[in-house]
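Subject: Structure handover

Hello,

Here is the structure I said I would pass on. Please look it over before reading the notes below it.

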Amino acid sequence: MAEEKKGASALTSSTKSATTRRSTSGAQSATRRKSTRSQKATKQTADFTHGEVPAPSIPVTDPAQFGRIAVMDITPHEEFGRYPARVELGEPFKVTAQVFIEGRTKVGATAVVRNHRGKEMQRLPMTCTNPGLDRWEVMLTCGERSDVKPWEDDFAAVKRQLGEWTVTIEGWEDTYKSWLHDADIKVKVGDSDTDNALKSGAQLLARWAKTTDSHLNAAQRKTLNDAAKTMDDESLTPKERLAAATSDAITELHVTNPLRDGISPSQPQRFLVQRPESSFAAWYQFFPRSEGAYVDPTTGKIVQGTLKTSVTGLERAKAEGFDIVYLPPIFPIGVTNRKGKNNTLVAGPDDPGSPFGIGSELGGHDTVDPLLGTMDDFKALVAKAHELGLEIALDFALQCSPDHPWVKAHPEWFRHKPDGTIAFAENPPKKYQDIYPIDFNADMPGIEKEVERILELWIAAGVTIFRVDNPHTKPVRFWQDVIAAVTKRHPEVLFLAEAFTRPGMMRALSYVGFTQSHCYFPWRNTKEELAEYFAETNGDDGYYQHNTFWPTTPDILTAYVRDNGIAGHCVRAVLAAMGSPSWGIYNGFELVENRQRPGFEEQIDNEKYEIKVRDWADANKYGIAAMLTSLNRIRREHKAAFSYHNLTVLETSDPSILAFARHTPAELTGTGKPETLIVVVNLDGHNAHQSTVHLELPDFDIDPAKGAHVRDELTGREFDWSWDNFVSLAPWADVAHIFTVVRD
C-alpha cells in the first residue's frame, strides 16, 4: 500500500511542478491535465482500498502460457488430448486438476461444461481434495440422462446433443478466503492491526457486491453491502464486525457466487458425449439357430431354430431385464473345410458349421442365411425387439470362408502362399481351416468402402450395435476410418470390441471408436485381482476403455465357473452386474452349462459348432435366472449409481469377502438425493465367511453421527451401518449383499 500511495503522491507533485514552469497562457491547460491525472490516481487508490489488490486476468495467447493462476495436470487427459475422453449423455464423471498460486494466497477453481455448439451448460465449483498437492476435483455431467431408444421418435432431440463437448477449468484467486484467514487470527489474538484488517474486509465485500462475474441478484448485493457497513462500524467489537463477514448468508455466497479475481481458464478438455446406454448396458447373447430348436421324433435329428422362433429368446431376455440382445453372425456358412462338433476338422453330414465361417454360394456378409430365414424375417425380429424395448446387436466378423463371394470377386484381398493357394487363418498351434483372413495391405480403401456399405445395410434393417469379432487382428487405422465414417452419419450406432489381447491394442481400439470392450474380467477371481481390476475399470481408464463384464462367452469358460457350481455362477453374475456399468450373459448360464472341453477354457459340445436343444423349464430349479432378473432390476432402479468413475473398493477383514461401493452425489442424480450402493460378495462358492467391512461414512454423504440405514435389495432385509460392520455370507444362503443406503 505504501508504494501505491507514494506513486500517487509523486504524480501530484510532478503535476504541480509542471504548472509553475508554464506561462499563464498554459495554466488552464496544465490545470486540466492535473485534474485528469489526479482522477486517475484517485481511481487507482479507490480500487486498491476495496480489500486486497485484485489479481488481474492475464491474457493467454498460447496454450503453453500460464494465466495469473496456474492450472495444470487436468484429468482425464490421455495421449496429449488427441483422443477425447468418452462419457454417456448425463453420466456423472470426475474431472481433477492442479490449481495453485504463489505464496500463502488462497485459490478456488470452477469447472465449466459447454456443449458441442459452445453453449455453457453447467458451471460447478471444484473441491480441493489434496491441499498438499493442490489437487481439485468435481463431478460433472454432459447433458441429462434419457431412456429414449434410438428407434423412437423422441430420439431426434437426444441425437442433437451428441458430439464433442468441452470442460474448462477456471482457476481464480480466492481473495475473500485469503483475507478471512488472516483477519480471523488477528481478531482472536487482538492484533494491533485488527481495525485495518476489518476495514479491508469491508472494502472487499463492497467490491464483491459490484462484480458482474459473481452473477449476484439485488438481494445478494444488499447482503454483501449490509455486511460491509457492519464491518466498518467501529462502535462494534471486532468479533461482532467479523461475524458480519462470516454469516451463513455470506458463507453460502462464497460457495455459490464467489468473488473470483484473476480468473485463469485452462485449455478446453474434450469429451465425446455418446447416446444413452452407450455405457450403461445389459447384454444377452443367444444363437438364433438354437432358439426353438427341437429333436424330430420321427428322424431323431435336430430341427434348427430360425429368426421367427428366436422371438422366444427376445422374450426371455426381456423377462430377465436385459437391454440388448446380441446375435452371432446370421450369414450363410461355408461348406469347404467346415468344422464339425467340438472344432473337429471333419464335419458330419448334419453338422451346421461355425457361423464364423462366413460366406457361401448363397451370399456373404450382406445376406441372411436361408436356413434362418430372410431379410424380412430379420427386420420383423428387430421390430419385435423394439416393441419389447430391446436393441439388436449383430456380430460382425470380418473374415471369410473359402466359399465367400469375395474370394472370387476380390482374390487380391487375401494373402496367398508361394504355391498360389490362399492362406487360412492360424494362431499356432491353433488353425482355422474354415476361415480366410483378409490382407489389408492389398487394398485397404476398397475394403473399407465395402465394409461401410455392409454396415449401412444392417443399420437400415434396424441394427444399432455391432459386436466386432477379433478387431485386434485388423489394422487399428482400418477401424478408425470405418467407425468415423459410420458414426458421422449415425452417431447413435455403437461398436463393441471382442479383443482379448494386449492392453495397448485394447486401448487403441477404444481410442478409435469402439464404445465398449470385452476384457480380462473372466480371469480375475481373487479378492486382490478383482479389487485391482475394478479400480482400473472404474478409474481414469474408464474415460477411454469401457470394459464390459461377461462371466462366460461361447469362447470362455473358466475354472472358477466350472468348479463353483450354482453359487459360483451367482457370484460371477453379481460381480459382473455391479462391477461395471456394462455387463453381459451368454445364454445357458441360467442352466449351469459349465462342463469344459478337456484342455481348453471353453465349453464342451460348444454351440459354435452345433445346435443346442435346451429345456428352459429347467432354469427354475437353479434360481440363476431369478438372480439375473434381480440384478437387472437393481441396476435399473438405481441407474444413477452406475458410472465408470464412481466405484470405491472397501476394506474387509476376510480374504474371501470383497466389498465395494458406488456413489453419486445428490447434485448429479437428478433426484436431489445421493445414490449409494454397497456390494459385499463371498468369493468362495463352497464355504461360509465372516468379515468386517469398513465404510468411510463422509465419503458417501453419510452423517457419522447418524450412521446409515441400509436395505439389501436381494432379500429386502434392513440393517443399521456405521464405520465398521459385520457381515456373514454362506453360499447355500446368501452369496452377496447389495445394499442401498436409505435416504430421508
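The notes below go from the whole protein to two residues.

This is a predicted model, in which local features need pLDDT of at least 70, side-chain atom pairs count only at pLDDT 80 or more, and totals for chains, interfaces and linings use all residues. Residues are numbered from 1 along each chain as its sequence is written, and side-chain values use heavy atoms, with hydrogens and water left out.

Whole protein

The protein has 19 helices and 30 strands (DSSP runs, H or I of at least four residues for helices and E of at least two for strands, numbered from the N terminus). Its C-alpha atoms fill a box of roughly 125 × 65 × 45 Å along the principal axes. Of the 744 residues, 54% are buried (under 20% relative accessible area; exposed is over 50% and partly exposed in between, with a 1.4 Å probe and protein chains only). Of the contacts (heavy atoms within 4.5 Å) between residues at least 6 apart in sequence, 76% join residues at least 24 apart.

Two residues

Ile 263 lies in strand 9 (residues 261–265) and is buried, at a relative accessible area of 18%. Leaving aside residues up to four places away in sequence, Ile 263 touches Ser 57, Glu 170, Gly 171, Trp 172 and Asp 213. The C-alpha atoms of Ile 263 and Glu 170 are separated by 6.2 Å, with the two residues 93 apart along the chain.

Val 613 is in the loop between strand 22 (582–586) and helix 18 (619–622). Val 613 is partly exposed, with a relative accessible area of 40%.

Regards
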